[in-house]
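Reader: I'd like to learn how to read a structure feature by feature. Can you walk me through this one?

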Amino acid sequence: MQMSVNLIEIHNLTNKLIAYQPLTFTFLVVKMNNFNFNELLFKLKNRKQTYLCTMFPKYNVIVVGAGHAGCEAAVAAANLGSKVLLATMNMNTIAQMSCNPAMGGVAKGQIVREVDALGGYSGIVSDHSMVQFRMLNMSKGPAMWSPRAQSDRMMFSAKWREMLEAHPNIDFWQEMVVGIIVKNGKCKGVYTSLGLEILADAVVLTNGTFLNGIIHIGEKQMGGGRAGEKSAKGITEQLVQLGFEAGRMKTGTPPRIDGRTLDYSKMEIQYGDENPGCFSYTDTPKLERQLPCYITYTSEDVHTTLREGFDRSPMFNGRIQGVGPRYCPSIEDKINRFAEKDRHQLFVEPEGWNTCEIYVNGFSSSLPEDIQYKALKKVPGFENMKMFRPGYAIEYDYFPPTQLHLSLETKLVKNLFFAGQINGTTGYEEAACQGLIAGINAHQVIEDRDPFILKRSEAYIGVLIDDLINKGTNEPYRMFTSRAEYRILLRQDNADIRLTPYLRQLGMQGMDGRLARVEDKLNNIHTIEKYFEETGVEADAVNPMLEKLGSSPVKQRARFKALVARPDVNIQNLREALPELNQYLSQFDEETISIAEIGMKYEGYIKKEQEMVEKMDRLESVRLSDHFDYQSLKSLSFEAREKLNAIKPRTIGQASRISGVSPSDISVLLVHVGR
C-alpha cells in the first residue's frame, strides 16, 4: 500500500501496526518530507513503541557490548573526557574470557603491550590476574619475542569490572540493544529491547559472537552468543536495511574438564619463566608464584573415535555455513585436513588459582558430546576424566571491514563505529586494540578533531586495521608477526617509546606518569649507548670470554659497542666477564638494557627498515579525495577502479595496499595527482 499522511497519522498508524501481531503485510511506502523511514521500519519489526527514557542523560559515547573490545572502547573514550554508557546483556560477564584463559602470544603479546602504551587496561588486568608468564620465541631474534600470560579467568573479569566501575565517566546499563537511532545519516543513539531510546553523539558496536549467534553441538542447535547466554537480535537486520553488507563466520571452543580427574604424571609439564615479566608499563604486581601447564597428545585411536561422529558433525553435513579460523581449527577439522598426522598436541591449561576447571587447548570441537567424551578418555592422562561441559561451535554475523574508514567509523553512517569480531577478527587481543582505536575516534569525531590513525610502521594495531580496511577478510583474521613488514621496529619491548607520546597529543587524562617513564627510559637508553660507544676494554681482559664463546679474539683495546655487535656475544656475557661493567649497568632496569643492546646489535637492520618507512611515508603524504570518481580514470584496471571506489583510500600509500591495485595503477594515480 502507498499513502501520503501527516506526522500524527503516521505515528498512529505505526502504533496500530505494532499492536497488530500477525503483521501479514509485506511492505509500506511512506511519502513524507522529514520522516525517518528507517525508524518506522525498526518499530514495525520490533512491534513495540519506543520512547526517550528520561532517566538517562545524553551520552557522548554509547558502547554496545562489554567484551574485550567494548571495555577498551569505553575506557579510551572515558579517559579522553567523554561521558560513556557501556551497555551489556549481562553485567556478570564483563570482559569474559569466552575461550582460552590466556592473553598474549605470538604478535598478540605485542598488541597487548601497544594497548597498554596507549592507556588501555588489558595489560594491567592481565598482570593482576595471571597465573603463569612466558616470553615466547626467545631462541629467535628480538622482533619475534612475544609475551604470553595464562590468566585466572574469574580474576580477569572481576579486575576489569572493578577498574571500569572506578571510572567516574562510565555508566552501565544491562539490557539488549536491538537497534541504533539514525537521523540524517548520523548515529544518534540506540534502541533497547524494553523500547527505550538512549541518546548519544556516537555509538561503538562491539557485539562479538552475539549477533544472531547459533551454537552447534553435533546435531543440536540453539540460539546463543556464548554458552548459557542468548544471542542478540535486531542490529544485523537494521544495518542491512541501511545498506551494510553482512556475512557469517564461525568459531569454536573446546570442552572444559575436571582437573581433579586427570593424571598429570602421563603428561609433559610446562613451567612459566623463572623470572616472569609483565605486560603493563605501569607498576603492576610481580608474579611471585605460578601454576604449570601440561602437554599431551592425541593418537590414531583418538582420531578413529572422533571420525565416528563425522556424520553428525555440523561442519561436515552443511549445517554450519560460516567460515572458521584457518589458524585455530577444530580437532575434527585438523584430523580431516591433516590425515597424514597420527597425533596432535594438546595444551592442558588451568582456568585459575581457585578452580579445578581445565581448558583443553587444541581440542576445539562441535562434534556430539558423547563423541567428545569418548575420544578424550583415550588421551594420555585423561583416562578417568570427567567433563564439565562439551565444546561447541558458534556461528555469528559480521560485517566486512572494507565498509569502514581507518578510524573504524562506518562509511554509511557517521558517528557509528565497529570494533572486534563484528569486523571479522578473532582473538581477545585483536578485539581489544580495535576497541581502543574506536573509542578514541568516537571521542575525536564528536569533538570535531582529526581521527587517530596508526601507520603500519608504528604499531601492530596499525597493521591489523590497515589489513582489515584495505584487504578485507572472508575468514576470522588473526595477527601474526609475519603480517608486519617492519617488525624489527615493532618489538614488544619498545611499544611505550613508539606510542605513549601520542597520549599527550590526544589529551588523555591521568597519563603524566606514563609519559615521564618513557622520557626516563629514552634518556637511560641513550646514556647506555653513549657509554658503550665511548668505553672500551683491553684485549687480555676480554679474550678469555670471547674464546669461550667461540668468537674471534681482539688484538687491541675494543669498544663495548663493537663487542656487543658480534652475533655470538651479548651484554650478559660482558657483564659476567667484566665486574666494572656489571656494576655500571646495575643502575638500569633489564628492559632498558635490552633495548639499548638491540639498538646496537641490530643497528644496520633498524636503519634499513627506517629508510623503507620514510619511502612509504612519501606515498602516505599524497592525499586522495573522498569524492574522487575512479571510474573516470579509464587507464586504471577494471578491478582497481572497482576496489578504489569501494574503499575510497585517504592516501596513495593506502591505495597501494588494496588487493587488486597494481603498481601500474599507483603510477596512474600519481600522474593524475601531479606527482
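Predicted model: local features only at pLDDT ≥ 70, side-chain atom pairs only at ≥ 80, totals over all residues.

Reader: Which ring does the charged end of Arg343 sit over?

Author: That would be the ring of Tyr297, with the charged end of Arg343 3.6 Å from its centre.

Reader: And rings against rings: how many aromatic pairs does the structure hold?

Author: There are 15 aromatic pairs. One of them joins Phe133 and Phe279, with 6.1 Å centre to centre and 75° between the planes. Planes over 60 degrees apart count as edge-to-face, so this pair gets that label. The two residues are 146 apart in the chain: Phe133 belongs to strand β7, while Phe279 is in the loop between β17 and β18. Both Phe133 and Phe279 are buried.

Reader: What is the geometry of the pair Phe399 and Phe418?

Author: That pair is tilted, at 5.6 Å centre to centre and 50° between the planes. Phe399 is in the loop between β22 and β23, Phe418 is in strand β23, and 19 residues separate them. Phe399 counts as buried because its relative accessibility is 1%. Phe418 is buried too, with a relative accessible area of 1%.

Reader: Which residues form one aromatic cluster?

Author: Tyr531, Phe532, Phe560, Tyr584 and Phe588 do.

Reader: Now strands. How do I read the pairing of β7 with β8?

Author: Look at direction and at bridges. β7 and β8 run antiparallel, joined by 6 bridges. One example is Met130, whose bridge partner in β8 is Ser151. As for cover, 5 of the 7 residues of β7 are buried.

Reader: What about β18: which strands does it pair with?

Author: β17 is joined to β18 by 3 bridges, and the two run antiparallel. With strand β19, β18 pairs in the antiparallel sense over 4 bridges. Tyr294 shows up in both pairings: Tyr294 in β18 is the bridge partner of Ile269, and Val348 in β19 is the bridge partner of Tyr294.

Reader: Why would I call β18 largely enclosed?

Author: Count the buried residues: 5 of the 5 in β18 are buried, so the rest of the structure largely encloses this strand. Cys293, Ile295 and Tyr297 point one way, Tyr294 and Thr296 point the other way, and all are buried.

Reader: Let's do cores. What's the general idea?

Author: In soluble globular proteins, nonpolar side chains tend to be buried together. Here, the largest nonpolar core has 125 residues, and Leu205, Leu239, Leu416 and Ile461 touch the most other members. Leaving aside neighbours within four places in sequence, Leu416 is in contact with residues including Ile180, Val203, Leu205, Leu239 and Phe244. Apart from that core lies another, of 25 residues, among them Ala558, Ile571, Phe588 and Ile595.

Reader: Is α3 buried or exposed?

Author: Buried: 12 of its 12 residues are, so α3 is largely enclosed by the rest of the structure. Among them are His68, Cys71, Glu72 and Asn79. Just after α3, check the backbone at Gly81, which takes a positive phi of about 110°.

Note on methods
Residues numbered from 1 in each chain as written. Heavy atoms only, no water. Buried < 20%, exposed > 50% of the residue type's maximum accessible area, 1.4 Å probe, protein only. Phe/Tyr/Trp six-rings, centres within 6.5 Å; stacked < 30°, edge-to-face > 60°. Lys NZ or Arg CZ within 6 Å of the ring centre and 35° of its normal. Pairing = 2+ DSSP bridges. Core = buried A, V, L, I, M, F, W, Y, C linked by side-chain atoms within 4.5 Å. Contact = heavy atoms within 4.5 Å.
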